Amino acid sequence: MSATPDSTTALPTSRGKPGPVRRLYDWVLGWADHTYGPTILFFLAMAESFIFPIPPDALLMPLTLGRPRRAYWFAFLCTMGSVIGGVMGYYIGHALFEQFGRPVLEWYHAMHTFELVGEKYRQNLVLALGTAGFTPVPYKVFTIAGGAFGVPFVPFVVISFVSRGMRFFLVAGLLHRFGQPMKAFIDKYFNILTIAFVALLVGGFLVLRLVMH
């Protein structure tokens, strides 16, 4: 089995030359039939928790569609990678904030959001971190802030595991149940879904600011 994605395993492309987002989507989907797909999912979930901008759902979905019988294994890998990455984000916030944490937050223009998260941590740790783990709100801001604001470590890990697990197992479960129709839907409405996906990522910070005021 090849170690790199094969474009023949991707969803059918639309007529004409596909755009860069579509090519990336096809490339990611190709990992669903390859040995290293689950490994990449684990590391993607880990990196997204403290620095990487793309959520692991982008790979969890095609992997689950390609191997529906392993849907919950992929969700478990995604959860564990995300929690381990969250611990790394916590450490960055606690011990390496000026060297690494602040530059990451500034790159995302999230310093104001970081301060809001710190305030919400002081008010309700479970609600703040649980919301971040389960929704599209940028999780890396919460992990770095957790360390920077001295959130208790054990509750941080437990709440992260529960909330992230609920999110990824829900995604995997839905795709396991409605896999083929969902696959056809994604391909048919790819352009619309792409716009919605990007808007969701960009809007996460804006929603967080509105909710936390």
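Helix α2 (residues 37-48) and helix α3 (residues 57-66) have axes that come within 9 Å and cross at roughly 155°. That makes α2 roughly antiparallel to α3, a label for angles over 145 degrees. Welcome to a predicted model, in which local features need pLDDT of at least 70, side-chain atom pairs count only at pLDDT 80 or more, and totals for chains, interfaces and linings use all residues. Residues are numbered from 1 along each chain as its sequence is written, and side-chain values use heavy atoms, leaving out hydrogens and water.

**The α2–α3 pair**
- The crossing of α2 past α3 is left-handed, meaning that the near helix is turned anticlockwise from the far one by less than a right angle.
- Gly37, Pro38, Ile40, Leu41 and Leu44 of α2 make the contact with Leu59, Leu60 and Leu63 of α3 (heavy atoms within 4.5 Å).
- By type, the residues of this contact are seven nonpolar, one polar and no charged, with Pro counted as nonpolar and Gly as polar.

**The nonpolar cores**
- The largest nonpolar core has 22 residues, and those with the most contacts inside it are Leu105, Phe114, Tyr121, Leu129 and Phe142. Such a core joins buried Ala, Val, Leu, Ile, Met, Phe, Trp, Tyr and Cys residues through side-chain atoms within 4.5 Å, where buried is under 20% relative accessible area (1.4 Å probe, protein chains only).
- At least two residues of this core come from each of α5 (97-107), α6 (111-123), α7 (125-134), α8 (139-148) and α9 (153-177); α8 gives the largest share, five residues.
- Leaving aside residues up to four places away in sequence, Leu105 touches Phe97, Ala110, Met111, Phe114, Val141 and Ile144.
- Another core, of twelve residues, lies apart from the largest one and includes Leu41, Phe74, Ala75 and Phe168.

Note on methods. Buried < 20%, exposed > 50% of the residue type's maximum accessible area, 1.4 Å probe, protein only. Helix = DSSP H or I, 4+ residues; strand = E, 2+ residues; numbered from the N terminus. Axes fitted to C-alpha atoms, helices over the stretch in contact; angles between N-to-C directions. Parallel < 35°, antiparallel > 145°, perpendicular 65-115°, else oblique.
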